[in-house]
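Subject: Structure for your review

Dear colleague,

Please find below the sequence and structure that I am handing over to you. A summary of the findings follows it.

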Amino acid sequence: MRKKLPAIVMATAMTASLLAGCSGGATEPAANPPSNAAGGKTTVQFWHSLGGKNGDYINEMIKRFNETHDKIEVVGTFQGSYDETVTKLQQAVAAKTGPDVTMLERAYVQMFADSEVLEDMTPYMKKSNMTADDFPQGLMGHSTFNKKLVSLPFNRSTPILHVNKTMLDEKGLAIPKTWEDLKKVANALVVKENGEYKRYGFSMPYDTWYPIAMISQAKGKFFNDAGTSIGFTNGEGEKTFKFLKELQGTGALYYPPAQDSGNIVNQMFTSGKIGMMFQSTGVIGSLKDSAKFEYVTAYLPMDQVYATPTGGANISIMSGSQAKDAAWEFVNWAMTDPKGGLQFILDSGYLPFTKKMVESQQMKDLWAKEPNRKVAYDQLQYAVDTNKHVAWTQVMQEFFKAIQAIMYDNKDIASTLDTFKKETERILKK
């Protein structure tokens, strides 16, 4: 029985940070042309969330498809941020005016899958001699629900450690591999004059991504295995936030304002006001062009284990599409043709999302030239999907409240997380 899609509470701050790290900026969405057959061609409507340069790259990919397929025309439409795309998609599903193919931020896939509005791509994969094994396992955590493969990775990213190696070298410091290393290095980089911080050790955007990464590194999970409560009830959450608050108190951590936090920390990094930051892989290209120092990337430092959440979006075919075969031809081309997704990845800086891409000469050449980008792929062996739950979008709002209370308002960590736990359990019982 199909479940009704729940209403989404818009996460303005999350949207801003995701745009900064992943979707590449926002412009006014174009009107969505109606799906029909034009000039003997089958039209495939494709909704996406990529603006700015990444929007240019996706448009160029669509153009390459259309130039090489005389019976199908893909019409790509930018629908705003990931959250805005989800809201519009909910409305379109209800009105039966949805696209044929859509981009979905990976944490939203389960919600749509649970409502049975995403097509099972397994039969199409079989016809094209493809299997789930063709994709890196670390990117497949949000693809199969209810034994149906309903999404495939596309513009995917992870958080990694970005380092001003020149700054560390001047102090004789090594790139941190553990939390203790991070504390030592970040504190050593602090410059304070006349009671004012001129330089901080490291920073991160305001987002749920980075605390979740650290909770996972402390061997916690965001949700418990039963999906009834949070999964960091053994002190991993307290440990994470105590660590961050201690560093915040010494200037070792600069925690930015929520508004435009991604751009703020990027600018602080390139201007030398911080020496390190946790940030998306999606900013590597722009940082490389702006940095006037030796810029390197590294794994997120470990506590008990290495761990990193993944981010970015997957691609799905809508079950209400009247052009599923044509839609699959486009998706399959994006997955397998070197002029499809591979070229988009080479252009944009997102993670290669098939094993063939990883093994391609083009990717090997790029990684040899830009080793910073290979670090992000190598870190996928430690990928975790601890925020995987159909109620994630509602729980996320409560987690943002907890982050705000702790990091901005200096509220008690234990009691704040206890409140968050109770609110999460209330939501999960619905």
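In the protein chain, contacts with a separation of 6 or more come to 77% from residues 24 or more positions apart. Please note that this is a predicted model.

The protein chain contains 18 helices and 18 strands. Its radius of gyration is 22 Å, close to the 22 Å that the globule rule gives for 430 residues, so the chain is as compact as a globular protein of that length. The C-alpha trace spans about 75 × 50 × 40 Å along its principal axes, and 57% of the 430 residues count as buried.

One helix pair may be of particular interest to you. Two packed helices are described by the angle between their axes and the distance between the axes. For helix 7 (residues 179–189) and helix 9 (residues 236–250), the angle is about 10 degrees and the axes lie 10 Å apart. Because angles under 35 degrees count as roughly parallel, helix 7 is roughly parallel to helix 9. The crossing of the two is right-handed.

Helix 7 contributes Trp-179, Leu-182, Lys-183 and Asn-187 to this contact, while helix 9 contributes Lys-239, Thr-240, Phe-243, Glu-246, Leu-247 and Thr-250. By class, the residues of the contact comprise four nonpolar, three polar and three charged.

As for burial, helix 7 has Trp-179, Leu-182, Lys-183, Val-185, Ala-186 and Leu-189 as its buried residues. Among the elements that cover them are helix 6 (165–170), helix 8 (209–217), helix 9, strand 9 (191–193), strand 10 (196–203) and strand 14 (274–280).

Kind regards

How values were computed
Residues numbered from 1 in each chain as written. Predicted model: local features only at pLDDT ≥ 70, side-chain atom pairs only at ≥ 80, totals over all residues. Heavy atoms only, no water. Axes fitted to C-alpha atoms, helices over the stretch in contact; angles between N-to-C directions. Helix = DSSP H or I, 4+ residues; strand = E, 2+ residues; numbered from the N terminus. Parallel < 35°, antiparallel > 145°, perpendicular 65-115°, else oblique. Left-handed = near helix turned anticlockwise from the far one by under 90°. Contact = heavy atoms within 4.5 Å. Nonpolar A, V, L, I, M, F, W, Y, C, P; charged D, E, K, R; others polar. Buried < 20%, exposed > 50% of the residue type's maximum accessible area, 1.4 Å probe, protein only. Rg over C-alpha atoms; globule rule 2.2 N^0.38 Å.
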